[in-house]
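Reader: I have a structure open and would like to go through it. Can we take it one topic at a time?

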Amino acid sequence: MAASRDLAFPLVILSLVLIRGYSPLPATSRVPEENPVRPQTPRGSDFDSYEFRTEDYSDNTPVTPLPTKKASPDGKTSKRCDYNTCLESQTSCALLASSTGCTCPGSTLFNEVPQPPKLKSLSFNGSDVVAQWCAPHSYVTAYVVSVGGEERRVFTQDRRSGRLGDVDDLAEVCVASVNDAGRSQGACLEYRSTDSSLPLKAGLVGGGLGFLLFLVLAVLLWRHKRQRKQEASVSVHDVAGTERRPGAQ
């Protein structure tokens, strides 16, 4: 029995060694953490060269760039020039831009036919018809005004209005821009007599007719009174003559 006990212990040890060789116990060494962002790919395949990029997971929405403001040479954002195309005798936008650094709206060059101006209104000031216009965004040396298809007046490039003299009712008035490259198309309006002058004319005519009527009535009344005086004097003479006749006999 003692011999069998001594033999069983080595057999148990040998069995444990054999079992450990075929079925290794789990190692207690720490497994390195995997990158939770990087996708798992099988080793030994073409995916080994794959590199993870964050843009691959974007929603592919197109991004519109924000407009950038134009900056002046000193680093400040430039603003539009304080220039009104409808005002007369003001500094040109080009001179304002060169002196203050402001920006002017796009304009055609001196070697291009100018754009037509904007004819704003035609009015009557009591003696002349006055045209008012706004300058185009072009290089202009003069403005030509025509009435009824015939050239009437020429004004310098800094003018925005001009007297045209007498203009017939319903006549077409046009203003064109001119430079060395040519002449623009005309901006036209049809002149219509303003209603404000009609009451004045009607008042003058009515006043004249009223004065003539009063004068005629005054003459008629004066003649009527004179005629009655003459009739009264004739009747007095007749009565006096009849009274003298019986006394004379």
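Reader: How many disulfides does a search of the whole structure find?
Author: The search finds four disulfides, a disulfide being a pair of cysteine sulfur atoms within 2.5 Å. This is a predicted model, where local features need pLDDT of at least 70 and side-chain atom pairs count only at pLDDT 80 or more, while totals for chains, interfaces and linings use all residues. Residues are numbered from 1 along each chain as its sequence is written, and side-chain values use heavy atoms, with hydrogens and water left out.

Reader: Which cysteine does a disulfide join to Cys-81?
Author: Cys-81 is joined to Cys-102, at 1.8 Å from S to S. The link of Cys-81 and Cys-102 is right-handed, with 95 degrees about the S-S bond. The pair links distant parts of the chain, 21 residues apart: Cys-81 is in the loop between helix H1 (2-22) and helix H2 (93-100), and Cys-102 is in the loop between H2 and strand E1 (118-124). Helices (H or I, at least four residues) and strands (E, at least two) are DSSP runs, numbered from the N terminus.

Reader: Are Cys-81 and Cys-102 buried or exposed?
Author: Both Cys-81 and Cys-102 are buried. Buried means under 20% relative accessible area, exposed over 50%, and partly exposed in between, with a 1.4 Å probe and protein chains only.

Reader: Ok. What about Cys-93 and Cys-104, why is that disulfide left-handed?
Author: The torsion about the S-S bond of Cys-93 and Cys-104 is about -115 degrees, so the disulfide is left-handed. Cys-93 sits in helix H2 and Cys-104 in the loop between H2 and E1, 11 residues apart. Their sulfur atoms are 2.1 Å apart. Cys-93 counts as buried because its relative accessibility is 11%, whereas Cys-104, at 31%, counts as partly exposed.

Reader: And where are Cys-174 and Cys-188?
Author: Cys-174 is in strand E6 (residues 172-179) and Cys-188 in strand E8 (residues 187-190), 14 residues apart. A disulfide joins Cys-174 to Cys-188, with 1.9 Å from S to S. Numbering the bonded cysteines of the protein in sequence order gives the pairing 1-4, 2-6, 3-5, 7-8.

Reader: Switching topic. How many aromatic pairs does the structure hold?
Author: There are three aromatic pairs. Rings of Phe, Tyr and Trp (its six-membered ring) pair if their centres lie within 6.5 Å; planes under 30 degrees apart count as stacked, over 60 as edge-to-face and the rest as tilted.

Reader: Why is the pair of Phe-110 and Tyr-139 edge-to-face?
Author: The ring planes of Phe-110 and Tyr-139 stand at 80 degrees, with the centres 6.4 Å apart, so the pair is edge-to-face. Phe-110 is exposed, with a relative accessible area of 55%, and Tyr-139 is partly exposed at 40%.

Reader: What kind of aromatic pair do Trp-133 and Phe-155 form?
Author: Trp-133 and Phe-155 form a tilted pair, 5.6 Å centre to centre with 45 degrees between the planes. Trp-133 is buried, and so is Phe-155. Trp-133, Tyr-143 and Phe-155 form one aromatic cluster.

Reader: Last topic. Which residues lie nearest the centre of the largest pocket?
Author: Tyr-83, Ser-92, Cys-93, Ser-138 and Tyr-139 lie nearest the centre, among 25 lining residues. On a 1 Å grid over the protein atoms alone, a pocket is an open set of points where a 1.4 Å probe fits, with protein on both sides within 12 Å along at least five of seven lines; lining residues have an atom within 4 Å of a point.
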